[in-house]
Amino acid sequence: MSDRGPAPGRARGKVIVCRCEDVTLKDVRHSIALGYADIEEVKRYTGFGTGPCQGKECHALIAAIIADEAGRDPASIDPFTARSPISPAPLRLLAAIDPEPEGDEGDEGDDDTAEEHD
Amino acid sequence: MGLAGPRPDAARGQSIGAGGPPPARAEVVVIGAGVMGLSIAYNLAARGMSDVVVFERGYLAEGASGRNGGGVRQQWSTELNVRLMQQSVELCRGFAQELGVNVWFRQGGYLFLARSAAEVARLERNAAMQARLGLPTRVLEPAGAQEIVPELDLTGILAAVFNPSDGILFPWPFLWGYAQRAAAMGVKIYTFTPVRGIERAAGGGYDVVSAAGTVRARRVIDAAGAWSPEVARMVGVGVPTHPIRHEICSSEPLKPFLGPMVSELQSGLYFSQSMRGEIVGGVSLPPTITYSTGSTLRFLATYARRLVALVPRLGNVKVLRAWAGAYDQSPDGNPILGPPPDAPDFYLCCGFVGHGFMMAPAVGVHYAEWLTGGPRHEMFDRFRPGRSFGPDAGAEPEEREDFNIG
């Protein structure tokens with residue numbers, strides 16, 4: 001179990017697994033039981049990883065729980081899509097950026113699924 | 001990269017509800033478990049037709065249904081769209097009770113702001129038509145808009161229009177509500193199960209070849225959103241829509257202060273405060289034809305610039321996350337509904353140009369009524385696949401929907 005971090009299977013009582021959004025271990029298991037078992041689905045059903053830390057604290061723990069519940073190898077669980085900005089950014093800071101700089105070739109952005117690029 | 005194809009098959013085969021392999025036969029196969037496909041499947045089952053299979057290539061909220069801003073408005077420029085949305089709003093009001101899930105629906109209204117005389121004329125014309133249909137839409141002087149949202153900087157704003165019965169909702173629970181109730185009535189929903197081919201069956205109907213098995217369907221519904229053309233091509237049908245990336249972002253949660261969804265016509269800026277307290281919004285950018293869901297700095301910079309100009313007090317509020325989804329853009333800005341002339345029993349439900357989510361509650365009811373032998377709603381004539389999509393598409397003012405904002 002050492003490579004999986006904490007051992008969620010042995011936890012007792014009400015266990016908060018995402019502190020930003022108050023998501024519990026029970027919430028995660030409920031999502032999986034309903035058929036929302038992919039990490040992207042668990043994120044949406046429970047709201048984990050959508051708060052100020054954007055999953056930086058809870059992501060690995062919840063991936064380990066999903067692996068545990070499904071009996072899958074943790075290495076087979078891909079992380080959910082990282083969202084811009086990397087850290088919370090004030091609107092006035094973003095507003096100071098020229099959206100159409102001279103000579104800009106266009107910005108495709110990072111994709112949800114890198115394999116979509118061709 | 002330009003226009004990329006669908007993702008490589010990731011056929012991991014999950015299911016909502018019963019599970020097990022799909023049946024050999026079904027009355028209806030729906031392709032796409034977005035809000036359209038699920039609304040149709042739920043409404044079919046609620047009318048007694050539960051022999052329905054839904055195939056979804058990814059997860060439930062992976063497409064545009066999980067990526068939109070949650071706006072639900074009745075302010076449109078054509079009467080048919082106003083009436084459809086009046087019905088949708090009524091359905092949204094009862095959704096939590098009917099489907100047993102909290103969709104966080106809140107009727108705070110929609111406030112549109114005009115910066116030019118032409119925009120004012122548009123708003124006045126639309127408001128008069130909406131009033132005839134019974135909406136409480138009213139045109140306001142800038143001071144009237146200020147009363148509704150005191151934080152607005154109305155420099156350069158000539159007029160506004162407000163309908164207090166428009167609103168916002170949280171899109172994801174809508175999908176869960178439709179899916180769970182449909183599954184409880186016997187609909188079989190397969191996620192992570194791509195459809196790889198559709199063949200016409202000799203005795204009528206279609207063989208839908210999915211990653212989980214083949215189903216002989218009497219009727220097939222293509223509700224694959226921006227991917228609808230690819231599904232239609234499997235039966236040799238051309239669909240004249242294309243994917244346009246639309247970006248959105250969300251802020252840190254704030255104490256509730258903003259009643260309506262606010263939209264500025266000139267820039268296409270729109271923003272609302274969700275029930276979680278976040279400011280969620282987007283802005284118009286030059287259209288990019290792509291399935292890419294990447295986020296761009298150009299979007300964040302344009303959005304922030306417009307938003308801070310209009311609501312200076314939001315300057316210190318932080319953006320937490322940005323994402324994108326694909327509009328299914330049709331040539332005349334209206335959806336494409338029903339069977340194409342050369343593919344009987346193959347029903348299109350696509351081309352909603354970013355407004356499918358809000359229209360799905362009403363569209364699902366009308367589709368299910370029709371397919372279970374009930375009345376055929378007028379939208380199936382107006383939005384028929386066989387209409388002209390040539391250069392003059394939507395040239396008649398009463399047929400052109402010009403209120404596709406954002």
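Q: Which strands does H7(B) lie across?
A: H7(B) lies across S5, S13, S14 (261-264), S15 (269-273), S16 (279-282) and S17 of chain B. Its direction is at about 70° to S15(B). Helices (H or I, at least four residues) and strands (E, at least two) are DSSP runs numbered from the N terminus. Contact means heavy atoms within 4.5 Å; axes are lines fitted to C-alpha atoms, for helices over the stretch in contact, with angles from 0 to 180 degrees between N-to-C directions.

Q: What should I know about the model and the numbering?
A: This is a predicted model, where local features need pLDDT of at least 70 and side-chain atom pairs count only at pLDDT 80 or more, while totals for chains, interfaces and linings use all residues. Residues are numbered from 1 along each chain as its sequence is written, chains are lettered from A and ligands numbered from 1 in the order in which they are written, and side-chain values use heavy atoms, with hydrogens and water left out.

Q: And what does H3(B) lie across?
A: H3(B), residues 117-132, lies across S5 (110-114), S6 and S7 (159-163) of chain B, at about 145° to S5(B).

Q: What's the strand order in the sheet?
A: S3(A)-S17(B)-S13(B)-S16(B)-S15(B)-S14(B)-S5(B)-S7(B)-S6(B), an open sheet of nine strands with mixed pairing. Two strands pair if DSSP finds at least two bridges between them.

Q: Which strands stand at the edges?
A: S3 of chain A and S6 (138-140) of chain B. Each has a single partner strand, so one side of each has no neighbour in the sheet.

Q: How does S3(A) join S17(B)?
A: Two bridges join S3(A), residues 89-90, to S17(B), and the strands run antiparallel. Pro90(A) has Lys318(B) as its bridge partner there.

Q: How many bridges join S13(B) to S17(B)?
A: 10 bridges, again with the strands antiparallel. Ile244(B) stands opposite Tyr327(B) in S17(B).

Q: Switching to the interface. How many residues does each chain put in?
A: The contact takes 47 from chain B and 43 from chain A. About 4,200 Å² is buried between them, and carbon and sulfur atoms give 53% of that. Buried area is the accessible area (1.4 Å probe) that two parts lose on being put together, summed over both.

Q: How many salt bridges cross it?
A: Two, counting a side-chain nitrogen of Lys or Arg within 4 Å of a carboxyl oxygen of Asp or Glu. One of them links Glu100(A) and Arg298(B), at 2.9 Å from N to O.

Q: Which element of chain B gives the most there?
A: H7(B), with 10 residues on the side that touches chain A. That side of chain B divides into 26 nonpolar, 12 polar and nine charged residues. Nonpolar covers Ala, Val, Leu, Ile, Met, Phe, Trp, Tyr, Cys and Pro; charged covers Asp, Glu, Lys and Arg; the others, Gly among them, are polar.

Q: Where is the cis peptide bond?
A: Between Ser84(A) and Pro85(A), with omega about -10°. Pro85(A) lies in the loop between H3 (59-70) and S3 of chain A.

Q: What about phi at Asp345(B)?
A: Positive, about 65°, although Asp345(B) is not a glycine. Asp345(B) sits in the loop between S18 (336-338) and S19 (346-350) of chain B.
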